[in-house]
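Dear colleague,

I am handing over a structure to you with this email, and I would be glad if you opened it beside the notes below and read the two together.

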Amino acid sequence: MFEATVNVLRTAGCVFAEEEAGLLLSEADSLERLTEMIEKRKAGLPIEHIIGWTEFCGYRIEVNPGVFVPRRRTEFLALQAVKIASPGDVLVDMCCGTGAVAAVLAKKLEAIDIYAVDIDPRAVSNAMINLTAGHVLEGDLFESLPAELLGRVNVIAANAPYVPTERMAVLPAEARLHEPLIALDGGQEGLDIQRRVVKEALPWLAEGGHLLMETSMKQAKKTEEIFSLFGLAPKKILSKELDVTVVIGQKTGG
């Protein structure tokens with residue numbers, strides 16, 4: 001059954017046919033269910049939407065249909081936030097999607113007060129499943145955060161959409177057709193939402209607080225310029241293995 005499933009998936013163009021076949025077989029409780037799942041994959045649905053979960057930083061993260069699937073490269077953002085945060089901190093996972101970053105922070109850190117925020121109600125519902133010890137809020141960036149957090153947030157981790165609009169048409173079909181465009185499209189240069197996050201984060205950050213932003217290696221220089229423009233001295237950290245950059249800025253000087 002495994003080899004037959006691999007062959008079907010490989011013929012359908014699945015690059016990781018062996019891995020996906022193993023996942024489908026482990027989740028299917030009948031031949032009928034397996035056939036249904038294979039047909040969905042052949043039709044281009046992300047494997048994570050079909051089986052309902054993905055692994056992220058070693059944890060199982062539930063993924064609902066129609067919600068942005070957390071990428072492995074975003075593990076780098078989550079782990080950088082873990083390094084910076086301290087017990088008792090107030091943390092925000094901005095543009096949280098499934099809440100994967102917030103869930104990792106909640107599991108790895110003790111006694112933190114954590115908030116996950118997204119504008120997409122489907123993502124908010126999904127994040128509520130994954131973040132059981134924290135607050136999940138629906139809203140446009142910082143608008144839904146409680147006012148009492150102004151000037152008190154120690155760490156903001158943001159995976160804001162950063163795909164340039166002109167690149168949306170060439171994204172893989174499973175992302176373009178089955179994930180929310182609002183979680184992908186970052187505007188003309190891919191920097192529109194990043195710029196808003198940096199600007200709007202400043203009053204929420206505590207003195208000495210940090211903003212961490214995932215971006216691409218190609219866009220990193222411009223992301224750094226945005227940080228500098230709004231008074232956050234940027235530090236760039238690269239992961240060549242994951243092909244991702246995280247820009248970190250600290251609020252200092254009042």
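This is a predicted model: local features need pLDDT of at least 70, side-chain atom pairs count only at pLDDT 80 or more; totals for chains, interfaces and linings use all residues.

Residues are numbered from 1 along each chain as its sequence is written, and side-chain values use heavy atoms, with hydrogens and water left out.

Strand E9 covers residues 244-250 (helices, H or I, of at least four residues and strands, E, of at least two are DSSP runs, numbered from the N terminus). Six of the seven residues of E9 are buried, where buried means under 20% relative accessible area with a 1.4 Å probe, counting protein chains only.

E9 pairs with strand E7 (residues 205-215) in the antiparallel sense over six bridges, pairing being called when DSSP finds at least two bridges between two strands; in this pair, methionine 213 has valine 247 of E9 as its bridge partner. E8 and E9 form a hairpin with four residues between them, and aspartate 243 in the turn has a positive phi of about 55 degrees.

Cysteine 57, which is not a glycine, likewise has a positive phi of about 55 degrees; cysteine 57 sits in the loop between strands E1 (53-56) and E2 (59-62), and is buried, with a relative accessible area of 17%. Cysteine 95 has a positive phi of about 60 degrees and lies in the loop between strand E3 (90-94) and helix H6 (100-108).

Best wishes

Note on methods
Buried means under 20% relative accessible area, exposed over 50%, partly exposed in between (1.4 Å probe, protein chains only).
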